[in-house]
Amino acid sequence: MISNQSPFVQDTTSVSFIMFLVLVALIPGILVHCFLFGYGILFNIITATITVVIAEYLILKARNYPVKPFLTDYSAIVTAWLLAVSIPSIAPWWIIVIGSLFSIIFAKHFYGGLGSNLFNPAMVGYAILLISFPAIMTKWPSAYSSVSFDDQLKLFFFGMSSYDAIASATPLDYLKTELLLNKNIDQILAEPIIKANPLIWVGVAYLLGGLFLIYKKIITWHLPLTYLLTLFLIASLFNLANPNNFAPFYYHLLNGGTFLAAFFIITDPVSGPTTPKGKIFFAFMVAMLVYLIRIFGGYPEGIAFAVIFMNICVPLIDKLSQPKVFGHD
Amino acid sequence: MKLFENIFKFNGGIQAETHKTISTAETIKKFDIPKKIILPLRQHIGRLAKINVNIGDYVLKGQLIANADGNVSAAIHAPTSGYIESIEKLPIPHPSGLPDFCVVIKTDGKDTWVDKKPIQWKKIGYQKTVELLISSGIVGLGGATFPSHLKLTKKDHGAKLTTLIVNAAECEPYITCDDMLMRERVDELIRGINLLHDFLEFEESIISIEDNKIEAIEKIKNAIKNEKNISLKIVPTIYPSGDAKRLIYLTKGIKIPKNTRSSELGIQMFNVATIVAIYRFLEFGEPSLSRIITITGNIKKPRNYEVLFGTPLEEIIADAGGQKINNQTFIMGGPMMGFALPSIQVPVTKAMNCIISAEPKMLKNDAPVLPCIRCARCAEACPVELQPQELYWFSKSKQLDKVEEYNLFDCIECGCCSYVCPSNIPLVQYYRFAKSEIIEERQHQEEANIARERNEFRLSRLEREKIERAERNAQRRAQTSSDEKSKLVEEKRKAIQEAMQRVNKEGGEKL
Amino acid sequence: MLITIGIIIFLSLIIGVALGISAIKFKVDGDPIIEKIDSILPQTQCGQCGYPGCKPYATAIANGEADINQCPPGGDDGIHKLADLLGVDYKPLNEEHGVPKPKSVAIIDEKTCIGCTLCIQACPVDAILGSAKHMHTIIEKECTGCELCLPPCPVDCIEMVPIKETTENWKWKYPVHKLKVDERATP
């Protein structure tokens, strides 16, 4: 124990153990993605991990911090993996490198390092990439042509002049553009790009990983359940009111990395609220914002911006949601 | 209904390994009378006891050697017969390692009792009995050492006492002294409960015990078979279920509000050892002279001992065989709330319920302290439903007014938050620091207020004297003639000169 | 146009009346800022700040004649509190006025005391008991450690003794931890 004061016994869960379990929970989703869309995602993950470790090492040295405990707490690697699974797997190498560098250096260490970052670092990296390179960030691998290993290598290092053969829009993107063209919603939903899109299975894999995290008590139920419930409710509400313009709830829940967000992104402990009521409010607002951005906003997917916006409100949420102490009225 | 048996569960708490079987294999051993008895004068909450013996006096076993000073204090008795050898500052079991006043008795081995008589409390009445209890030296033997006579009030703020809860939980790991007491002396306990029941006119008595004490539960169940006033409540083994307010909530479902004593709601709680002590005092006239102490952990022959207060701890540890792995570290109390003894050359006191010889993993201090990752596991574990992470941030940055705002003084320092923290932050250390700082600041503020008042009074006194002097001078000037005045002045001047010469001479000699 | 002017005049009348009533109803006697400053000062009454006592120093601060960093017994803590109260910047203690010392109390060597009462007259909180040609003694509980009794004593029989740590006034220290890797204390 640290110095001669009680308590003299300690639970064995450490920060690195928590982060490690998060990585373990991400693996099913990554494997399914690999199986369906090729090795791109693995390249991203490996590059992200290497970039992040080097960047953190250099920054810790520059800040005169002890390197070993901070490097081995895996928190930077979790950020790297979350960013890597959020961006298209066919993106060239410099996308993930820039994103990772921004996440670690700007969003994490410039705010004070582990435990002090105000914003979710992975989401900050994603948002910067989305705004700076919108063309590349919206080209996702098509479900119909699994990219071969050699092609993936070429794509990764050299990019490609034309992605038409292998890239396509995401279901969210497709629905949005088609609705703008005034097509019938039921027709759009019936098209294979949405109805039979294998990205759904990636989502389900993340759901399983998330449930594993709840079982292991790494995260609590407040954030994921509230997020999914709110999204379900508001999507159903809009859908009931105007079925021609708004897709039903299952579409929203199964597409766009909803499960990834619910279990992995909004549950970042450092940038999120600490009280149970605060968590429920936070998840509720993120879900509302995500839905509004999806429908009325300029981007097809709004998780990054919704999370960043709510991160700003977290100190106030914490202050106002303090629970009642035992014996106080 | 069995389904609703444990319907009340407090928030949080932890389930750690209890390590109780280490010290329950053997029965309680009565430790021999040591050659020297060292009795600290402060073994209780409240004021130091006032000595009423002198060096060289011969004292008998059970003789009062220090009176309680006021109401919030307790008496000290000689645990065996012998001669008062000295009264001096000696090391006591305290985290600071600082010495405090102790009475040292050189024992004569005869163990002669003072003339003790049972207290006929029914005859002498309630008031007189409480006065006698003040001089019984009985304090809470669960570790808190609160003078017990203060808890033996029949009414508090007009509320009549209805429920007696017997705290048999013993929730901290390693400690088994209450468990063994119940296994071996359950009849004394039951008689004590009945006595208290009649004395304070309770309506019901409940023994609350954790479910891991299987033998004790069996013994109690047998003993209370025909007792209609006493019932048994088995609570789940979660630390800290033995904390008074938590146990009341588990037993009765009532949350005692802040700044309220449980007696104001008709509930009173005593530790099993304290009840046995009160029983022995009222039934046989025996004041508080000994207690059961657990010696456990990294030790060759762990067991429970019945020891007289003032027995040097070294001798007991030697009798238990000494440490298996020698690391010279012993913890007084439990691993969650105890403290490391600066040395074992200390006597056994009323507060010493357990000595844990530190296991090597308790001293593992190479795990670094990482920054707080705001995971809020501490808040999930806190039995008082506080927000330990907020208390930590404010204590760390020394924002003491904010720490108080976030209810720092509700913290019972149970250690659950530090136990679960993944970053290894020693949270309780920060709270203890903040509490001491705040209390010291309050004290300084009070002292400053008094100094201010005294200063203002002095300034007004000087004003007053100036005015009076002016008036007197005016009067005297009117009366005395100028000749007489110069003669008086001359005499005074001569006297001052003589005094100065004297001083200079003495001063010169001294140098 | 006329209606606008009329509304504005009406509003100003109402606001003016409200201000007037509050000026009368919420009027405070005396200058509370001096009391507030005085409640932060440690009441040692030592005069190290250059003023004969804490209240005069508080008055000087309130009038802008004195700076907030002239009180050594108040220490850095006191300066921070004053800075917060008055909304000015913190500045470190002005060493010209003295350095913070551990809290001490004065004690008179009774063998040497001549009973001259000069120290009694000097003590700002009347903590010395005694009278002319009789033994003087310092009431330990009331002594603020201001050291004003030391200069007047003609036989130099008073000395300052730091308050010892006993089990009664011992307190837990601020936790400091070192990360083993580079022996540097974590922030």
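## Two domains in chain A

Domain bounds come from an automatic or database domain assignment. For chain A of this predicted model, that assignment gives domain 1, covering 13-168, and domain 2, covering 169-321.

## A pair of helices in chain A

Next, have a look at helix H2 (residues 40-62) and helix H5 (residues 93-109) of chain A. They pack at an angle of about 35°, and their axes are 9 Å apart. The crossing of H2(A) past H5(A) is right-handed.

If you want to find the contact in the structure, look on H2(A) for residues including A:Asn44, A:Ala48, A:Val52 and A:Ile59. Over on H5(A), the residues they meet include A:Trp93, A:Val97, A:Leu101 and A:His109. By class, the contact of H2(A) with H5(A) has 10 nonpolar residues, five polar ones and one charged one.

## Zooming in on A:Asn120

A:Asn120 is found in the loop between H5 and H6 of chain A. Is A:Asn120 buried or exposed? A residue counts as buried if 20 or more other C-beta atoms lie within 10 Å of its own. A:Asn120 has 28 other C-beta atoms within 10 Å, so it is buried.

Leaving out residues up to four places away in sequence, A:Asn120 touches A:Ile265, A:Asp268, A:Ser271, A:Val307, A:Ile308 and A:Asn311. As for A:Leu31, it is 89 residues from A:Asn120 in sequence, and the two are 24 Å apart in space, C-alpha to C-alpha.

## Chain B overall

Chain B has 511 residues, and 46% of them count as buried. You can pick out 13 helices and 19 strands in chain B. Its C-alpha atoms fill a box of roughly 105 × 60 × 55 Å along the principal axes. Take the contacts in chain B between residues at least 6 apart in sequence: 73% of these join residues at least 24 apart.

Chain B is also split into domains: domain 1 (117-285) and domain 2 (372-501). Their C-alpha centres lie 40 Å apart. Five residues from domain 1 of chain B and five from domain 2 of chain B make up the contact. The domain 1 side of it has two nonpolar residues, no polar ones and three charged ones.

## A buried strand in chain B

Strand E2 of chain B runs over residues 36-40, and four of its five residues are buried, so the rest of the structure largely encloses it. Which way does E2(B) run relative to strand E8 (residues 99-107) of chain B? The two are antiparallel, and five bridges join them. At B:Pro40, for example, the bridge partner in E8(B) is B:Cys102.

## Where the chains meet

Finally, the two chains touch each other: 31 residues from chain A and 45 residues from chain B take part in the contact. On the chain A side, there are 14 nonpolar, 13 polar and four charged residues.

Notes. Residues numbered from 1 in each chain as written. Chains lettered and ligands numbered in written order. Predicted model: local features only at pLDDT ≥ 70, side-chain atom pairs only at ≥ 80, totals over all residues. Buried ≥ 20, exposed ≤ 12 C-beta atoms within 10 Å, placed from the backbone. Pairing = 2+ DSSP bridges. Contact = placed C-beta atoms within 7 Å. Nonpolar A, V, L, I, M, F, W, Y, C, P; charged D, E, K, R; others polar. Axes fitted to C-alpha atoms, helices over the stretch in contact; angles between N-to-C directions. Left-handed = near helix turned anticlockwise from the far one by under 90°.
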